[in-house]
Amino acid sequence: MGWQSRTRTLQVFDTELTADTVEWCPIPQWAHVLACGTYQQLLEGDDKQRTEGSAAPSRIGRLYLFDCNPQSSFIPPLTESQRIDTAAILDLKWCHVPISERPLLGMATASGEIQLYKLIEAQQGSSGLECELSTDLGPDRLALSLDWSTGQGESDVRVVSSDSTGSLTLLSLGEADLTAVCQWKAHEYEAWISAFSYWDTQTVYSGGDDSKLKGWDLRMGCSSPTFTSKRHTMGVCSIHSNPHREHILATGSYDENVLLWDGRNIKQPLSETAVGGGVWRLKWHPSQEHLLLAACMHNDFQILYCQKALADVLQPQPITGKQPHKLIHRLTLWII
């Protein structure tokens, strides 16, 4: 049985291009900072925004940075502090811990790069980003996702990324570089998503357009997965390790279902919930272990109440809160 959500719209911001990734900084001191990435594929007639001499369709994007003041006297609460034109952005993730005492934002781009941006103090006390490091995953590929190994404060800072060739790349962050440690073919088609287990960062998960969810043990090499699940019936495009409960994993797919797993037993999911739209991204609540947010294609956002599922393997209950708009070409701020 669904519960009615008590959400209301506070602000709508026109991002001009399709907004496909939105991330609050997880570090308490900078929790008021919001990053938003956008994506647009230019068709053959869009010559004005094309690079001269470019023959193939281009993918452009823009990175937005906002400061948020939640006090009721500040309406609207979001203030744009910076925008940076980039290649199309497929994913954004903040490192969970400061690096050299500053937050670090990772970005996966359609140019096949993983770029790292350092948060700085800009003019008049607002926030800003400056590009710190960048690495190319290889030719003729789009970087589709990234995740950090720092979900439980891991000191060995690494990044895992997936790309359009079906490959995963493990990157290590040094003092002055971001280096590829290994790269391997993980899926037959696009590898939509990659994620660390935050409780055992030698374990990596991946999902692909071949409808497969796979696990990888980095200590054993990456020639073969530790498991392959075909429980999803379409492409697997979202994975998130629960930062509060060890072994708990959430996955989402174009098949419009969210599955909860116990990582010790991947043969059968703990639960399955239909959310009425392909599940582009999943995000566990930063402080409440039983709340899971699903960004659903064509069906807005769904909040899943998973307390019973985590306690005694019962079905998570969606808190339905349909909004009359989609997160397309705009950024919407809700209060829950």
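These legends walk through a few close-up views of a predicted model. Residues are numbered from 1 along each chain as its sequence is written, and side-chain values use heavy atoms, without hydrogens and water. Local features need pLDDT of at least 70 and side-chain atom pairs 80 or more, while totals for chains, interfaces and linings use all residues.

View A. The strands follow the order 15-16-17-18 and pair antiparallel. Strands here are DSSP E runs of at least two residues, numbered from the N terminus, and two of them pair if DSSP finds at least two bridges between them. Strand 15 (193-196) and strand 18 (227-229) each have a single partner strand, so one side of each has no neighbour in the sheet.

**View B. Strand 15 beside strand 16.** Four bridges join strand 15 to strand 16 (residues 203-207) in the antiparallel sense. Look for Ser-194, whose bridge partner in strand 16 is Ser-206.

**View C. The second largest pocket.** A pocket is an open set of points on a 1 Å grid over the protein atoms alone, with protein on both sides within 12 Å along at least five of seven lines; lining residues have an atom within 4 Å of a point. Of the 20 lining residues, those closest to the centre are Thr-203, Tyr-205, His-247, Gly-263 and Arg-264.

**View D. Strands that line the second largest pocket.** Strand 16, strand 17 (213-217) and strand 20 (248-253) each supply at least two lining residues. Which strand gives the most to this lining? Strand 17 does, with three residues.

Definitions and conventions. 1 Å grid on protein atoms, 1.4 Å probe; cavity = no way out; pocket = protein on both sides within 12 Å on 5 of 7 lines; lining within 4 Å.
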